[in-house]
Amino acid sequence: MSANPASKSQPVSALPPLSGKPMRQVGSTGPLVLLPNRCTGCRTCELACAFAHSEDGNLGLSRIRIHPAGPDRYVQVTCLQCVNAACVQVCPTQALVRNADTGAICHDENRCVGCGLCETACPFGHMHFAVEMRKPVKCDLCGGRPACAMFCPHEALEWR
Amino acid sequence: MPIRFKINDVAVEAKPGEGLLDVARRNGFSIPSLCHLESVPAIGACRICLVEVRRGRRSKLTTSCNYEVLDGIEVSTDSPEIRRHRAMNLELLLARAPSSEAIRKLAAQYGVSQPRFGPIKYNPLPNCILCELCVRACTELGHHALTTVGRGDRKRIGLPFNKPADTCVGCGACASVCPTHCIPMTDTLTKRAIWGQKHDFVRCSECGAPVITKKHRDHAIATKGLPEDYYDVCQSCKQIATSQRFAAIVW
Ligand code: SF4
Ligand code: SF4
Ligand code: FES
């Protein structure tokens, strides 16, 4: 299902290259910084994310969303990788685990039973349950090389 | 003391009591499987995760999901012998679940397209392979709503005694984990139908979208000690609220 090798812990250098040419290189530490004042609402990040996580670039599987916030104003919303994350706390099977290298809370397909509790638990609405797959869709910071930040043409997403 | 052994000649380590399939996956070896998740007890029902385990001079084929790792074993995850047995098992599973996409695909990889057996006469849940992954997931979640009903060739999965069960909260985990996606579950705006029962949804107080079944909410609130209004708003509406909060900070 997932085309992204990221969920497992591995050095960034070992990740296969993304198809397509990124706008710029990103470092390897993070955090992911959202800068809505630079966002033009072009939604390149949504597309980059969708392709990083599915063969066919299914936008329904994008982990980042752009919301309009007034005339010519846009806000990017994506998982904040909370310290005391609600999704981690409600998951009955410990299927959401923080990756020590990237700090991302990653979804473990080998543990998840698809109960959907995580989606309803996130107070920010960042966790999304894909109904056809019956699995949650969750930002994994692409294993330390977030496609959204690499492809944003306006530097409105930074991986510092 | 970690357990040390080899998979396809590569040295790996594991904790005592771990299942071989879990250790293999963690180390990047892929073994086909249909009825196992790390979070539920393994029972070795589908018999697709077969591997060969050598211990000293003795060697045997065994299911890897419910095989506890031992020091010094040598495991191989693929060989003509293993493939032959997997193919046979897939042929049997295909006879039970002839229209399951997942089984058809896996069987095709093993050169099986048409089973010599079947069609089976009794399967009230078409494509169910009786692996009980749904039963184990439901039990693991603490709902204990599912079980096997009947014996022998009349065995099937259902609610106990095939009667309506109060314990089912309509979470849908059984339908999620089923390897053949054979458990019918239908959602409308107001209700979820599963196992012959209907469960009312909590509706989003902003937009009216279904959020979670009322029983599942009550179970989650009771077991996790959450506030009563925790499930009042749906995911999309919460996300919009978040974007507005961000916007208020920036501008
Ligand atoms: S859907 Fe999966 S990850 Fe989410 S709470 Fe349920 S078991 Fe955990
Ligand atoms: S929907 Fe009902 S039977 Fe299925 S896992 Fe949830 S509680 Fe168990
Ligand atoms: S996964 Fe081991 S027997 Fe099904």
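In this predicted model, helix α2 (residues 80–96) of chain B lies across β3 (50–55), β4 and β5 of chain B, and runs at about 140° to β3(B). Helices (H or I, at least four residues) and strands (E, at least two) are DSSP runs numbered from the N terminus; contact means heavy atoms within 4.5 Å, and angles, from 0 to 180 degrees, are taken between the N-to-C directions of axes fitted to C-alpha atoms, for helices over the stretch in contact.

The strands of chain B form an open sheet of five with mixed pairing, in the order β2-β1-β5-β3-β4, where two strands pair if DSSP finds at least two bridges between them. Its edge strands, each pairing on one side only, are β2 (10–14) and β4 (58–63) of chain B, and the twist averages 30° from one strand to the next.

The chain A pair, β2(A) and β3(A), forms a hairpin with five residues between the strands, and G70(A) in the turn has a positive phi of about 110°.

Ligand 2 is surrounded (a heavy atom within 4 Å) by residues including C138(B), H143(B), C168(B), C171(B), C174(B) and W195(B). This shell has nine nonpolar, three polar and no charged residues, with Ala, Val, Leu, Ile, Met, Phe, Trp, Tyr, Cys and Pro counted as nonpolar, Asp, Glu, Lys and Arg as charged, and the others, Gly among them, as polar.

Residues are numbered from 1 along each chain as its sequence is written, while chains are lettered from A and ligands numbered from 1 in the order in which they are written. Local features need pLDDT of at least 70, side-chain atom pairs count only at pLDDT 80 or more, and totals for chains, interfaces and linings use all residues, while side-chain values use heavy atoms, with hydrogens and water left out.
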